[in-house]
Amino acid sequence: MQLLHVVHQTTYTFDQAVVLRPHRLLLRPRDGFDLRIQRSGLSITPTPQLYWQRDAFNNSVAIAVFDQPTAQLDIVSTLTLEQYQTDGLSLAQLLPSPASDDDFELEAAGLQVYQTSRLKPSELPESLTRGLRRACASDEQFSALQALCADIKAVIAYQTRTTPGVQTCLETLALGSGSCRDLAWLLIEVVRSCGLPARFVSGYLLSHQFETEDGATHAWAEVYFKDYGWIGFDPTVGRPTGMQHITVAVAPDPKYVTPVSGAYVSAPNTQVDLLVKVRVAAHAAG
């Protein structure tokens, strides 16, 4: 077990007072066998009414409702987490599941939303179609997806990108570069194109190699295997996920897991500055 401390600050500064619409916050990880929340805090200025709920994908969502104009919105999430995730999987760890075919049929309907892809295999470069053909072979899917994840890292250059949204897969392939969320979305669409369910993951990475200390959240993909459940693959680092990855939210599409989203009402030509800081540090467990 390792102890992790996360501080995630988002600050909007306006050049005049604005009226804030309700904001949707996806900042709290889900407790589970691999991650436990020891302490959490959410400080918001101006102070809103805060309502918690679960979304359609079982993520923890806070809805912040404001009742006063403001020239600044400051949101600070602090977390102390107990991380029990092991670092990476090997083929030796992937043993047949005791689940029956009937069990999988019960899950199949719920997985359909994670299987739709607009990407055609013919649109992929040969360096990725080789990996796709291997991934479509049911007898070697895990090792093939490991290789495919490494292939994307080799073919697409990682690049920090501050503009919102996610590039289309064809844009990422044409540019030959993308942010962590662009690489994750490319892997998801490639995997889905051969019929495997895959979903988008938003969270944090315990490494400043790819995200600077004053950076943003990290993103990767999870692929569903009949015998093993959801397994994470991070094309930014080129391997399966492990102890450095902290999951906050999952969804079939990146648009559903934006950490902070909302709107405001203001006079025309209002200027806004956005500052996002994320600090993730590991501490010795007592």
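Modeller: We begin with burial: a residue is buried under 20% relative accessible area, exposed over 50%, and partly exposed in between (1.4 Å probe, protein chains only). Ser-60, at 9% relative accessibility, therefore counts as buried. This is a predicted model, in which local features need pLDDT of at least 70 and side-chain atom pairs pLDDT 80 or more, while totals for chains, interfaces and linings use all residues. Residues are numbered from 1 along each chain as its sequence is written, and side-chain values use heavy atoms, without hydrogens and water.

Colleague: What share of the 286 residues in the chain is buried?

Modeller: Buried residues make up 46% of them.

Colleague: In which strand does Ser-60 lie?

Modeller: Strands (E, at least two residues) and helices (H or I, at least four) are DSSP runs, numbered from the N terminus. Ser-60 lies in strand S5, residues 60-65. The chain has five helices and 16 strands.

Colleague: With which residues is Ser-60 in contact, leaving aside neighbours within four places in sequence?

Modeller: Contact means heavy atoms within 4.5 Å. Under that exclusion, the partners of Ser-60 are Leu-25, Leu-26, Arg-28, Trp-52, Gln-53 and Arg-54.

Colleague: Which side chain makes a polar contact with that of Ser-60?

Modeller: A polar contact is a pair of N or O atoms within 3.5 Å; within protein, one must be able to donate a hydrogen and the other to accept it, and residues adjacent in sequence count only if both atoms are side-chain atoms. For the side chain of Ser-60, the partner is the side chain of Arg-54, at 3.1 Å.
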